[in-house]
There are 2 protein chains.
Amino acid sequence: MFFGKNLRPFSGRGKMCFRICFLLIMGLAVPADRVSFADPLPSWNEGQAKQALVEFVRTVTDRSNPNYVPPEQRVATFDNDGTLWSEQPMYFQGFFTFDRVKALAPKHPEWKEQQPFKAVLENDLKALAATGEKGSMQILMTAHAGVTTQEFEKIVKDWLTTAKHPRFRRPFTGLVYQPMLELLAYLRENGFKTYIVSGGGVEFMRPWTEKVYGIPPEQVVGSSIKMKFEIRDGKPVLTRMPDIDFIDDGPGKPVGIQKFIGRRPLAALGNSDGDLQMLQWTAAGEGRRFMLLVHHTDGEREWAYDRQSPIGRLDKALDEAQRRGWTVVDMKKEWKRIFPFQ
Amino acid sequence: MFFGKNLRPFSGRGKMCFRICFLLIMGLAVPADRVSFADPLPSWNEGQAKQALVEFVRTVTDRSNPNYVPPEQRVATFDNDGTLWSEQPMYFQGFFTFDRVKALAPKHPEWKEQQPFKAVLENDLKALAATGEKGSMQILMTAHAGVTTQEFEKIVKDWLTTAKHPRFRRPFTGLVYQPMLELLAYLRENGFKTYIVSGGGVEFMRPWTEKVYGIPPEQVVGSSIKMKFEIRDGKPVLTRMPDIDFIDDGPGKPVGIQKFIGRRPLAALGNSDGDLQMLQWTAAGEGRRFMLLVHHTDGEREWAYDRQSPIGRLDKALDEAQRRGWTVVDMKKEWKRIFPFQ
């Protein structure tokens with residue numbers, strides 16, 4: 001419980017009165033944002049989504065409520081692309097993949113004439129698409145395999161310090177959603193363990209999720225390629241192999257949750273049809289559960305897309321959310337701020 | 001840091017003096033075992049293993065020490081079979097597997113004449129061995145697949161309440177090592193996150209590790225079979241499929257650690273050659289690390305086995321431990337008590 005119904009400091013006239021009383025009692029000037037009664041979700045407009053979130057958290061953390069859930073079972077799983085950070089005009093891991101192939105190209109002069117590499121070097125998405133799944137997979141493996149886990153971590157970190165998003169001209173990790181950062185912190189303050197459950201590569205995310213989201217590596221579930229333990233020059237290494245190990249997307253998400261967490265989430269948050277099964281799996285648990293979809297409706301501040309989008313399509317999941325009363329966040333209406341820099 | 005060198009309450013004359021002073025200061029009679037100065041490892045004899053453990057924990061938790069490690073990086077990985085509980089005369093999951101096949105047999109009258117089932121129903125290990133890896137795999141999958149994750153969890157829990165170990169005539173979860181329970185608690189009190197990294201099935205362990213070891217499901221890494229998300233009678237389920245997904249043993253252990261935890265352990269504890277690579281991987285990290293092997297030397301209170309044992313063979317890892325100065329626990333000498341019931 002954050003504060004009682006009649007003590008909501010940010011619901012109008014009560015706000016100043018409450019804060020003054022509090023400061024008088026404390027006898028010192030505590031900055032408002034350090035007071036735990038402060039609005040934990042300042043970038044969320046007052047609306048159905050915020051209300052549903054706060055009501056859910058109050059319910060499951062209230063010992064006197066029949067839907068109380070002990071802290072160890074408070075698991076919240078967040079999709080990443082389109083839920084915690086942007087995913088347009090393509091998944092950010094796609095930019096990484098292209099840049100990585102380009103960085104490797106000087107050592108492979110033959111790529112200039114050889115597909116699918118030629119397509120990437122020429123930024124020719126059409127030609128790349130023409131190479132089919134086999135071509136895409138080859139590019140993906142070239143960018144992600146053949147190095148040790150330690151080397152790959154460094155490659156990702158280095159890329160993040162230099163690469164910039166084409167529209168916003170900022171590092172990709174700057175394009176995280178401020179309201180979601182607040183929500184992550186709010187859930188953690190209320191005893192939740194926050195997880196990422198993403199179709200993205202787990203080793204692409206782990207190097208930065210702790211710093212950016214406060215989510216440690218062991219709470220990141222994602223897609224993966226195989227690894228091999230080897231002793232190289234007397235030192236043990238894990239080499240990343242050019243084989244898919246696990247695809248953590250769509251029906252793979254509940255599987256990933258069970259594999260890596262072994263508990264059903266209490267709350268699941270996503271933004272696309274790739275999250276539908278995660279939300280279904282969450283909703284099927286006993287007691288109170290919370291399901292949320294971010295609906296990208298703000299073409300000005302971010303992007304507007306849903307049913308027809310090749311990236312982050314939200315179609316079946318939107319229908320199911322409406323049918324079952326899951327929370328749908330209308331970004332344009334409900335988010336006061338989208339990015340921290342805005 | 002637990003207590004300074006000159007303040008060790010349990011190292012002789014200082015003990016009573018310290019405790020009396022403490023009680024006087026506090027002004028009330030705090031039970032000795034509630035005082036954080038109490039020996040955190042009472043079932044460990046004073047010896048090299050206990051000393052090494054305490055010294056390691058003091059070092060990495062002492063902010064003034066150059067080898068200080070922040071809490072979020074304090075990961076300790078424990079093998080399960082032979083490290084946290086016994087593994088003789090066969091892995092306890094083997095007993096489960098046999099019992100499960102027998103429980104299913106009434107529905108399969110043909111098994112009476114059909115290998116490898118006949119061998120299991122007749123407790124004929126020789127005949128089972130003759131069916132080779134294919135036969136063993138068939139038995140394993142019969143016992144573990146074809147049900148939902150929820151059904152399997154119940155099957156494991158039910159089995160644990162009824163099955164008894166043939167030698168000790170007690171539930172298998174009674175055969176956990178008291179010194180290791182103390183060590184798990186001691187590490188957690190010092191900010192460590194304790195994980196199981198076992199060759200055993202992850203879904204065979206998760207239903208009981210929290211209760212028995214204080215290790216929650218999300219901190220259990222193990223072998224797994226594939227799962228499939230399905231909607232059954234309108235309800236989503238995860239069905240356990242008869243396909244190996246991941247073998248978390250030997251060189252698979254560092255892979256499992258990277259997959260599931262994404263951090264290199266600070267401490268790794270095992271008892272067999274199946275743990276060698278986990279210890280190598282841990283040892284190869286920067287700064288102070290702690291590697292420990294349990295050596296089963298007590299045929300009376302438990303079992304005595306090492307280099308020649310078909311279960312839990314400890315041969316190459318023992319040589320490497322001796323060569324590299326890893327801690328080897330001589331169970332007979334160093335453990336005051338082995339099982340909680342003893």
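Mentor: A polar contact is a pair of N or O atoms within 3.5 Å; within protein, one must be able to donate a hydrogen and the other to accept it, and residues adjacent in sequence count only if both atoms are side-chain atoms. By that rule, 16 residue pairs are in polar contact across the interface of chain A and chain B (both at pLDDT 80 or more). The model is predicted: local features need pLDDT of at least 70, side-chain atom pairs count only at pLDDT 80 or more, and totals for chains, interfaces and linings use all residues. Residues are numbered from 1 along each chain as its sequence is written, chains are lettered from A and ligands numbered from 1 in the order written, and side-chain values use heavy atoms, with hydrogens and water left out.

Trainee: Why is the pair A:Lys193 and B:Glu218 called a salt bridge?

Mentor: The term requires a side-chain nitrogen of Lys or Arg within 4 Å of a carboxyl oxygen of Asp or Glu. The closest N and O atoms of A:Lys193 and B:Glu218 are 2.9 Å apart, so the pair meets the definition. The rule finds eight salt bridges across this interface.

Trainee: What makes up the area buried between chain A and chain B?

Mentor: Buried area is the accessible area (1.4 Å probe) that two parts lose on being put together, summed over both. Here that is about 3000 Å², 55% of it on carbon and sulfur atoms. A:Glu218, A:Phe229 and A:Lys259 supply 22% of the area that chain A buries against chain B, more than any other three residues.

Trainee: How do you know what the span of H6(A) should be?

Mentor: The expected span is 1.5 Å times one less than the number of residues. For the 13 residues of H6(A) that gives 18 Å, and the end C-alpha atoms are 18 Å apart, so the two agree.

Methods:
Helices (H or I, at least four residues) and strands (E, at least two) are DSSP runs, numbered from the N terminus.
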